[in-house]
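Here is a short report for a first look. It moves from the overall fold to one residue.

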Amino acid sequence: MYFQGIIIAVSTFLIIGLFHPIVIKTEYHFGTKPWWIFLICGIACIAAALFVENVLFSSLLGVFGASSLWSIGELFEQKKRVEKGWFPRKPKSSG
């Protein structure tokens, strides 16, 4: 039996699920300023996937990279969701 496809599928599901709270927490604490971190991480992972011979690890790097790039758009969408009141806004610190 070959489990590589199942491992990739489950890992993809988990990676995408991991990025959802990361985007929410990033926008809450830092706003949209760190979008470039997602860009660098995404490009680096996708580039690395081109040089990894192992199909499992190359696939996971590609999925992680694509999820990082997708998160840039989600970060700005999250800002809109906060503005609509769908998610809490970080209170301004006094002092």
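Helices (H or I, at least four residues) and strands (E, at least two) are DSSP runs, numbered from the N terminus. By that reading, the chain has three helices and zero strands. Its pattern along the sequence is α-α-α. The radius of gyration, taken over C-alpha atoms, is compared with a globule rule of 2.2 Å times the number of residues to the power 0.38. The chain has a value of 16 Å, well over the 12 Å from that rule for 95 residues, so it is more spread out than a compact globule.

This is a predicted model: local features need pLDDT of at least 70, side-chain atom pairs count only at pLDDT 80 or more, and totals for chains, interfaces and linings use all residues. Residues are numbered from 1 along each chain as its sequence is written, and side-chain values use heavy atoms, with hydrogens and water left out.

Some values for the whole chain follow.

| Property | Value |
|---|---|
| Span of the C-alpha trace along its principal axes | about 60 × 25 × 20 Å |
| Buried share of the 95 residues | 28% |

Buried means under 20% relative accessible area, exposed over 50%, and partly exposed in between (1.4 Å probe, protein chains only). Contact means heavy atoms within 4.5 Å. Of the chain's contacts with a separation of 6 or more, 66% join residues 24 or more positions apart.

Now take one residue. Where is Gln78 placed? Gln78 lies in helix α3, residues 55-83. Gln78 is buried, at a relative accessible area of 2%. Leaving out residues up to four places away in sequence, Gln78 touches Val23, Ile24, Glu27 and Phe87.
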